[in-house]
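Dear colleague,

Please find below the structure that I am handing over to you. My notes on it follow directly after.

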Amino acid sequence: QPDTEERADGSREKRQHVKNQARNSVTHKGQAASNHYQPPTSNSVGLIWYWLPLLTFAIGIALLSSLSTPKVHLDALTNTFFSGPITIPPRINDKVFHLAIYSVLGLLTYRAFRFSWGSKLGPFTAFLSVGAVAFYGCTDEFHQWFVPLRQVEVLDLIADTFGGLIGVSLWECALTIPAIRFLEEQLPRTLPLLRSMTTSKF
């Protein structure tokens with residue numbers, strides 16, 4: 001009987017050891033996944049750093065889409081700040097402007113989504129960003145349906161979606177540069193610390 005009890009105790013210890021190893025491996029995997037992106041410690045700083053540029057740019061696109069003749073207003077704006085209007089070659093199609101504008105929107109969307117959900121979604125954050133840009137392009141085209149002298153075009157929506165994909169890809173490539181990644185992820189984390197150190201001294 002003592003030998004049987006010792007063997008039973010040994011088997012229980014082995015099972016417990018296996019369980020502990022499995023639990024530790026899951027913990028390490030979770031920590032590695034969370035290290036994919038660590039958001040700033042202060043939510044207010046993160047919202048200003050990541051979401052404010054996106055919201056500002058999205059509102060600017062909506063305001064531009066609400067104009068019946070945006071080129072006339074842009075010429076007036078450039079006349080105010082420059083010596084004359086910025087001439088755009090007539091060969092450039094308006095789809096190029098959609099592609100460029102929504103590339104910036106895709107980049108800013110990806111930045112904001114990485115801040116809010118990057119640690120949970122991982123690589124799916126990029127797909128979600130492109131989908132959000134495409135959805136915004138749909139709402140923008142629907143908005144133009146009610147603007148005089150503007151029209152809805154499927155090609156514009158396609159250009160918007162490709163622009164979002166380009167913006168996400170460009171920012172993902174830019175994050176491979178250490179200096180840009182530091183400014184993107186570590187600088188917002190140090191700002192609250194610097195502010196607290198400054199206020200504590202004075």
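Helices (H or I, at least four residues) and strands (E, at least two) are taken here as DSSP runs, numbered from the N terminus. On that basis the chain has seven helices and zero strands, and its elements run α-α-α-α-α-α-α from the N terminus on.

Please note that this is a predicted model, in which local features need pLDDT of at least 70 and side-chain atom pairs count only at pLDDT 80 or more, while totals for chains, interfaces and linings use all residues. Residues are numbered from 1 along each chain as its sequence is written, and side-chain values use heavy atoms, with hydrogens and water left out.

Of the 202 residues of the chain, 27% count as buried, that is, under 20% relative accessible area with a 1.4 Å probe, protein chains only.

A nonpolar core is a set of buried Ala, Val, Leu, Ile, Met, Phe, Trp, Tyr and Cys residues joined through side-chain atoms within 4.5 Å. The largest one has twelve residues, including W51, L54, I61, L108 and F113. Helices α2 (43-65) and α4 each supply at least two residues of this core, and α4 gives the most, with six residues. A second, separate core of seven residues includes Y110, V168, A174 and L175.

Helix α4 (residues 94-121) also holds H98, which is buried with a relative accessible area of 14%. Leaving aside residues up to four places away in sequence, H98 touches E141, D156, A159 and D160, where contact means heavy atoms within 4.5 Å.

Yours sincerely

Note on methods:
Buried means under 20% relative accessible area, exposed over 50%, partly exposed in between (1.4 Å probe, protein chains only).
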